[in-house]
Amino acid sequence: MTMLPNSDMFYSDRDFNNKTILITGGAGFIGSNLAFYFQENYPDSQIVIFDCFRSEKLFNNGNLQSFGHYKNLIDFTGTIICGNINNKNDLSLLNDYKFDYIFHQAAISDTRVNDQEIIIKTNVNSFYDLLEIAKNDHAVLVYASSAATYGSTPSPQTVGKENPENPYGYSKYVMDQIACQYSKENPDMTIVGLRFFNVYGPREYYKAKTSSMVIQLGHQILDGNAPRLFKGSDQMFRDFIYIDDVLQANIKACNPKQNGTYNVGTGTSRSFQDIADILQNELGTDLGTEYFPNPYDGYQMHTQADISNSQVNLNFEPKISLEKGINSYIPEIKRLHGEDIS
């Protein structure tokens with residue numbers, strides 16, 4: 001049974017039933033949550049997931065090249081296509097469909113990857129292909145940008161004041177410029193980019209080392225160890241946003257007052273120490289905190305999204321505090337504790 005239209009889970013008055021929805025990167029964290037959002041709330045929608053899924057290939061930093069995982073899609077009943085967005089033959093498999101909505105989540109999202117060629121090919125070149133599919137199908141296109149476009153600019157981070165400091169952030173910045181130009185050339189299209197800040201919540205576990213500090217610290221505590229943080233973590237702030245509010249932003253982006261790139265955060269900064277303390281409170285432990293030197297140069301000390309334009313043009317209103325988000329996440333953190341991440 002679906003929820004009534006006035007349910008809080010219905011973030012838009014648009015009816016996605018009987019619509020065909022493409023989610024690239026649909027076996028990943030945000031993509032799989034989108035897939036289940038539509039499946040559970042709009043059972044007559046046709047959902048198509050396009051994802052290359054996890055392989056054993058690693059980047060030079062030792063992290064996986066792909067985080068898509070079949071376990072994120074257990075109980076998903078839509079269509080799954082295994083393909084790489086860099087491969088024209090794989091993309092041609094999408095020609096059998098006419099999409100109404102495209103949620104483009106597929107990307108190399110590891111900020112510590114310095115292979116510029118593969119990042120630009122994957123994140124930028126493929127974006128042109130997705131834009132062409134959206135244009136040909138007259139589809140709404142909502143794509144994942146990133147707060148990494150801001151680099152170490154001072155808070156609050158504001159659209160129009162970017163300074164990317166790694167290849168990933170630069171690739172997303174370029175995507176935003178492409179989307180802006182494409183919107184000007186195709187004024188009848190709906191194209192919206194969402195700059196996600198620090199997202200956490202269910203189905204992120206298979207991102208392994210790049211998953212949020214919430215689940216990493218949670219599992220350290222469940223192992224009986226004090227959570228490990230950089231020295232000075234009480235002065236390291238991030239705009240942490242729970243996955244449900246990210247879903248809200250994606251859905252509301254389908255009907256913007258105007259095309260553009262929008263921040264998706266809470267507009268409130270919290271410290272890494274706050275996460276450790278909230279987790280210990282929720283898990284009933286008192287293990288203290290273990291501190292170690294920060295090994296990274298140029299580490300970003302403070303992020304806080306300026307969401308004023310998101311509020312005006314998307315009607316986006318984050319609802320979930322860090323305390324509430326972690327409380328909701330605890331059962332999943334416990335369930336996954338000790339599970340093989342491969």
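This is a predicted model: local features need pLDDT of at least 70, side-chain atom pairs count only at pLDDT 80 or more; totals for chains, interfaces and linings use all residues.
Local features are reported where pLDDT is at least 70 and side-chain atom pairs at pLDDT 80 or more, whereas totals for chains, interfaces and linings use all residues. Residues are numbered from 1 along each chain as its sequence is written, and side-chain values use heavy atoms, with hydrogens and water left out.

Helix α3 covers residues 116-137, helices being DSSP runs of H or I of at least four residues and strands runs of E of at least two, both numbered from the N terminus. Because the expected span is 1.5 Å times one less than the number of residues, the 22 residues of α3 should span 32 Å, and the 31 Å between its end C-alpha atoms agrees with this. At F127 the helix bends by about 30°, the bend being the angle between axes fitted to the seven residues ending there and the seven starting there.

At the start of α3, a side-chain oxygen of D115 comes to within 3.3 Å of the backbone nitrogen of E117, while H138, just after the helix, has a positive phi of about 55°.

H219 belongs to helix α5, residues 213-222, and counts as buried because its relative accessibility is 13%. A polar atom of the H219 side chain lies 2.9 Å from the backbone oxygen of I333. Leaving aside residues up to four places away in sequence, H219 touches Y205, I333, L336 and H337, contact meaning heavy atoms within 4.5 Å.

Methods
A polar contact is a pair of N or O atoms within 3.5 Å; within protein, one must be able to donate a hydrogen and the other to accept it, and residues adjacent in sequence count only if both atoms are side-chain atoms. Buried means under 20% relative accessible area, exposed over 50%, partly exposed in between (1.4 Å probe, protein chains only).
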